[in-house]
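User: I would like a close look at a single part of this model. Please put it in the context of the whole chain.

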Amino acid sequence: MILPTVDEIRALHERYAPSQEALDLVLTHCEIVCGIAEQLAARTPLPLDTDLVRAGALLHDIGVYRLYDQAGRLDHRNYIRHGVLGHAILHKEGFPERLRRFCSCHTGVGLTRHDIRAQRLPLPEADYLAETTEEQLVMYADKFHSKTTPPTFLTADSYAKRVEKFGAHKVSAFGLLRARFGEPDLTAARARYGHAQA
């Protein structure tokens, strides 16, 4: 599989971003998640395709751009759809399923058909679960930074607290990822981007 370069991925973000503000928010988040994933990948003994991790991390949130309206407001009510919207963008761009899955399978610690039915989520009923080590790593790295206003870094403990509202099984799923990949050192990223930590 031929992966897009960092420059090609940036150009894709620029093409789909409806505004400079949206580009700054989403691309910066993707770059932060990429840095966290690369840091964790460098420490893990697990076999990984680091180029795939980089491309997946840089593309995982590209679907967020589809949630902005003409006035530049983000549709928070349908935010859960950003993964499937990103998957559709990458499909349209001709990228293989192996790369598209980073978009559709990174939300929370994975979404199941049961989650979609029980929570009445506006998604096609399916399992959206990170399966490969690369997908799991990007999904996990994503939990340490939030595109809130203002954007915020999260510790493993603060994310574990957030996911409690979705049930003990989600806390356990996050705990397994934490045990598998360890915790990132966010000191340099916090200093570089100036985002606070929750």
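How many of the ten residues of helix 3 are buried, and how enclosed is it?

Analyst: Seven of the ten are buried, so helix 3 is largely enclosed by the rest of the structure. Buried here means under 20% relative accessible area, with exposed over 50% and partly exposed in between (1.4 Å probe, protein chains only). Some ground rules: this is a predicted model, in which local features need pLDDT of at least 70 and side-chain atom pairs pLDDT 80 or more, while totals for chains, interfaces and linings use all residues. Residues are numbered from 1 along each chain as its sequence is written, and side-chain values use heavy atoms, without hydrogens or water.

Helix 3 spans 50–59. Its buried residues are L52, V53, A55, G56, A57, L58 and L59. They pack against five partners: helix 1, helix 2, helix 4, helix 5 and helix 7. Contact means heavy atoms within 4.5 Å.

The largest core holds 51 residues, and I62, Y65, L90 and L99 make the most contacts inside it.

Y65 deserves a stop. Beyond its neighbours within four places in sequence, Y65 touches H13, Y16, A17, P18, A22, L23, V26 and L27. A second, separate core has eight residues, among them L111, I116, L123 and Y128.

A pocket is an open set of points on a 1 Å grid over the protein atoms alone, where a 1.4 Å probe fits, with protein on both sides within 12 Å along at least five of seven lines; lining residues have an atom within 4 Å of a point. The largest pocket is lined by 38 residues, with Y79, H82, S146, K147 and R162 nearest its centre. Helix 2 gives the most, with four.

The second largest pocket has 18 lining residues; E31, I32, G35, R192 and Y193 are closest to its centre. Helix 1 (6–16), helix 2 and helix 10 (187–193) each give two or more residues to this lining. Helix 2 again gives the most here, with eight.

Step back to the whole chain. It has ten helices and three strands. These are DSSP runs, numbered from the N terminus (helices: H or I, at least four residues; strands: E, at least two). In order from the N terminus, they read α-α-α-α-α-α-α-β-β-α-α-α-β. The radius of gyration is 16 Å, close to the 16 Å of the globule rule for 198 residues, so the chain is as compact as a globular protein of that length. That radius is taken over C-alpha atoms, and the rule is 2.2 Å times the number of residues to the power 0.38. Along the principal axes, the C-alpha atoms fill a box of roughly 40 × 40 × 35 Å. Of the 198 residues, 49% count as buried. Among contacts with a separation of 6 or more, 69% join residues 24 or more positions apart.

Key:
Core = buried A, V, L, I, M, F, W, Y, C linked by side-chain atoms within 4.5 Å.
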